[in-house]
Amino acid sequence: VTRQTVEDDYLGDHFIPKGTRITVAIDALHHREDLWPEPNKFKPERFNEKLPHRCAYLPFIQGPRICIGMPF
């Protein structure tokens with residue numbers, strides 16, 4: 001998934017100029033061990049609790065769990 005920045009910004013100490021294309025590596029996000037302990041195990045019960053971060057799980061590109069039918 002890619003997005004383009006609409007204004008200059010910083011990500012930590014890194015300057016990101018307006019117009020920069022940013023790639024969101026969703027698969028990598030969904031396998032971060034600091035957000036998802038044992039990320040490669042099938043554990044559906046992990047979704048019974050509050051997400052560790054509102055954008056930790058982006059199956060439909062935008063969080064939290066946006067519905068693909070939302071515009072309708």
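What percentage of the contacts in the protein chain with a separation of 6 or more is accounted for by residues 24 or more positions apart? In this predicted model, such residues account for 17% of those contacts, a contact being defined by heavy atoms within 4.5 Å. Residues are numbered from 1 along each chain as its sequence is written, and side-chain values use heavy atoms, with hydrogens and water left out. Because the model is predicted, local features need pLDDT of at least 70 and side-chain atom pairs count only at pLDDT 80 or more, whereas totals for chains, interfaces and linings use all residues.

The secondary structure of the protein chain amounts to one helix and four strands, which follow one another from the N terminus in the order β-β-β-β-α. These elements are DSSP runs numbered from the N terminus, with helices (H or I) of at least four residues and strands (E) of at least two. Of the 72 residues of the protein chain, 17% count as buried, where buried stands for under 20% relative accessible area, exposed for over 50%, and partly exposed for values in between (1.4 Å probe, protein chains only). The protein chain exposes about 6100 Å², of which carbon and sulfur atoms supply 56%; these areas come from the Shrake-Rupley method with a 1.4 Å probe, and for residues only the protein chains shown count as cover.

Although Thr5 and Arg21 are 16 residues apart along the chain, their C-alpha atoms are separated by 6.6 Å. When residues up to four places away in sequence are not counted, Thr5 touches Ile16, Pro17, Lys18, Gly19, Thr20 and Ile22. Two backbone atoms from this set approach the side chain of Thr5: the backbone oxygen of Pro17 lies 2.9 Å from one of its polar atoms, and the backbone nitrogen of Gly19 lies 3.0 Å from a polar atom of that side chain.

In soluble globular proteins, nonpolar side chains tend to be buried together. Here the largest nonpolar core has six residues, namely Leu29, Leu35, Trp36, Leu51, Ala56 and Leu58; a core of this kind is a set of buried Ala, Val, Leu, Ile, Met, Phe, Trp, Tyr and Cys residues joined through side-chain atoms within 4.5 Å. Leu35 touches Leu29, Pro52 and Ala56, again not counting residues up to four places away in sequence.

The structure holds four aromatic pairs, for which rings of Phe, Tyr and Trp (its six-membered ring) must have centres within 6.5 Å, with planes under 30 degrees apart counted as stacked, over 60 as edge-to-face and the rest as tilted. Among them, Trp36 and Phe47 form a tilted pair, at 5.6 Å centre to centre and with 40° between the planes. Both residues lie in the segment after α1 (26–29), so the pair ties together parts that are 11 residues apart in sequence. Trp36 is buried, with a relative accessible area of 5%, whereas Phe47 is partly exposed at 32%. Phe47 also pairs with Tyr57, again in a tilted arrangement, at 4.7 Å centre to centre and 50° between the planes. Because Phe47 and Tyr57 both lie in the segment after α1, this pair ties together parts that are 10 residues apart in sequence. Tyr57 counts as partly exposed at 23% relative accessibility, and Trp36, Phe47 and Tyr57 form one aromatic cluster.

A search of the whole structure finds three salt bridges, each defined as a side-chain nitrogen of Lys or Arg within 4 Å of a carboxyl oxygen of Asp or Glu. In one of these, Arg32 is joined to Asp34, the closest N and O atoms being 2.5 Å apart; Arg32 is partly exposed, with a relative accessible area of 37%, while Asp34 is exposed at 59%. Glu38, which lies in the segment after α1, forms a salt bridge with Lys41 (3.1 Å, N to O) and another with Lys43, where the closest N and O atoms are 3.1 Å apart. Glu38 is partly exposed, with a relative accessible area of 40%, and Lys43 is partly exposed at 25%. In its backbone, Glu38 has a positive phi of about 50° although it is not a glycine.

Definitions and conventions
A polar contact is a pair of N or O atoms within 3.5 Å; within protein, one must be able to donate a hydrogen and the other to accept it, and residues adjacent in sequence count only if both atoms are side-chain atoms.
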